[in-house]
Amino acid sequence: MTTSIAELVASHPLLAGLPGDATATVAACARNVAVAPGELLLAEGQPADTLYLVRRGQVAIEVHTPAGGAVVIETLGSGAAVGWSWLFPPYRWHFDARALDPVGVVAVDAVCLRGKADADPALGYELMQRVAAVLLDRLQMTRLRVLDLYGAGRHG
Amino acid sequence: MGETPTAVVPGVAGEARGHGSMAPVLHRVADRRRETADVVTLTLVPLDAPQMAFRNGQFNMLTAFGVGEVAISISSAAAGGGPLEHTVRDVGAVSHALCEAQTGDVIGVRGPFGSGWEVPAAPVAAAGDVVVVAGGIGLAPLRGAVSDLAERHCAGDRRVFVAIGAREPSQLVFDEDLERWSRAGASVAVTVDVAASGWSGRVGLVTTLVADAGFDAAGAVALVCGPEIMMRFSARALVDAGVPPESIQVSLERNMQCGGAWCGHCQLGPFLLCRDGPVLPYAGTVERLLLERER
């Protein structure tokens with residue numbers, strides 16, 4: 001049995017439980033995509049035109065350094081949302097995102113989604129609240145990583 | 001248990017100890033294995049006493065003669081009569097001397113002291129998954145428990161999940177154990193804060209592994225060890241994932257000195273950690289203490 005794109009959208013943690021027909025509205029902008037290992041989902045400096053909802057596999061958020069090549073900043077797995085820059089001008093990616101293994105994502109057309117959100121402020125507010133929660137979570141994680149959680153304390 | 005004049009007295013929470021536990025038993029370093037640039041695992045054999053019995057999660061006081069004594073967790077498994085091992089990080093004069101100890105050197109051992117990890121024996125109808133969360137060298141006090149659960153089938157039908165976090169790949173310890181645990185059926189996940197060149201694993205906080213592990217949270221038993229701030233956030237992530245706080249155990253440490261609850265140096269709130277700890281239930285007092293600002 002094939003799962004519809006609306007069902008895939010509804011089953012992702014970021015968008016689960018959207019009110020009313022919002023799921024169908026978002027699904028109208030979305031498609032199911034398979035990404036091969038090593039392939040880029042998004043590239044630094046390119047237009048930020050897609051929100052990726054990871055269904056399976058691992059995605060590495062990377063930054064390219066002249067001397068060290070690609071440095072992995074974070075890895076994200078099933079249930080994660082990849083890409084925030086589609087929400088904010090100038091709509092350009094700040095980092096690369098690369099599939100580490102066979103990755104399945106729901107790719108939501110950001111131009112389409114922004115248009116829907118502009119036309120329906122209630123949907124826009126709902127989306128913004130959910131994305132803000134993800135941003136807060138990532139910010140907290142980043143703060144903790146700055147602390148070096150594992151460095152202090154025990155000596156054996 | 002040792003029966004010599006320098007008898008080793010088993011560490012049982014709340015139990016008074018004799019003076020025997022104050023005299024170190026001489027042990028020879030039978031093997032020395034470097035885990036990372038500043039972490040060494042020592043295999044110890046008693047010179048003229050029976051090998052001590054201990055529980056996973058307990059610690060010993062190790063003496064580097066002429067330098068001093070320091071509390072170090074036992075990192076080998078209690079079941080199976082395997083060797084006594086301690087994994088030491090070089091952070092001070094005593095731990096440096098212990099890390100420099102060579103095969104054949106003699107060091108002193110007092111213990112074992114304190115409480116151990118409490119994992120309901122399998123098979124128990126109500127026994128759920130076992131979730132182990134370790135940060136950095138905090139894996140050392142958990143190593144024996146995981147080995148017993150994963151390799152000696154002490155887990156019964158329960159699933160064993162091991163989540164390990166480290167600052168960077170070079171600080172990961174017990175590589176061979178992780179492979180063995182995986183082969184034995186445990187789900188082992190590793191993440192680092194900072195990925196080095198060539199690292200193909202996960203990058204991020206250990207708490208993200210908890211969120212993604214897929215264990216049966218409501219019935220799970222969770223064992224957590226690492227620096228306190230890591231344990232605080234890991235315990236919170238476990239609770240967020242649905243693990244009851246009463247099912248979470250943490251390993252705390254302070255300045256353990258006597259090991260017999262006499263000197264008071266290891267007091268933390270109502271606990272003398274050398275006796276009441278290091279392993280304590282997270283729910284209630286410990287949860288509050290981990291949030292308290294010490295003066």
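Let's start with B:A222. Leaving aside its neighbours within four places in sequence, B:A222 is in contact with B:V131, B:V133, B:L238, B:V243, B:S247 and B:I248. By contact I mean that the C-beta atoms of two residues, placed from the backbone, lie within 7 Å.

A quick word on what you are looking at. This is a predicted model, where local features need pLDDT of at least 70 and side-chain atom pairs count only at pLDDT 80 or more, while totals for chains, interfaces and linings use all residues. Residues are numbered from 1 along each chain as its sequence is written, and chains are lettered from A and ligands numbered from 1 in the order in which they are written.

Back to our alanine. Which residues have the most contacts inside the largest nonpolar core? They are B:V131, B:V132, B:V162, B:A163, B:A222 and B:V250, in a core of 129 residues. A nonpolar core is a set of buried Ala, Val, Leu, Ile, Met, Phe, Trp, Tyr and Cys residues joined through C-beta atoms within 7 Å. Buried means 20 or more other C-beta atoms within 10 Å of the residue's own; exposed means 12 or fewer, and partly exposed is in between. Domain 1 (19-113) and domain 2 (130-251) of chain B both give residues to this core, so the core lies between them. Those domain bounds come from an automatic or database domain assignment.

Now the sheet. Seen in chain B, an open sheet of 7 strands runs in the order 10-9-8-7-11-12-15, with mixed pairing. Helices (H or I, at least four residues) and strands (E, at least two) are DSSP runs, numbered from the N terminus, and two strands pair if DSSP finds at least two bridges between them. At the edges sit strand 10 (202-203) and strand 15 (279-281) of chain B, each pairing on one side only. Strand 15 of chain B pairs with strand 12 (residues 248-251) of chain B in the antiparallel sense, over 3 bridges. One bridge partner to find on your screen: B:P281, in strand 15 of chain B, goes with B:Q249.

Finally, the two chains together. How many residues of chain A are in contact with chain B? There are 22, touching 32 residues of chain B. Strand 5 (69-76) and helix 4 (121-147) of chain A each give two or more residues to that side of chain A, and strand 5 of chain A gives the most, with 5 residues.
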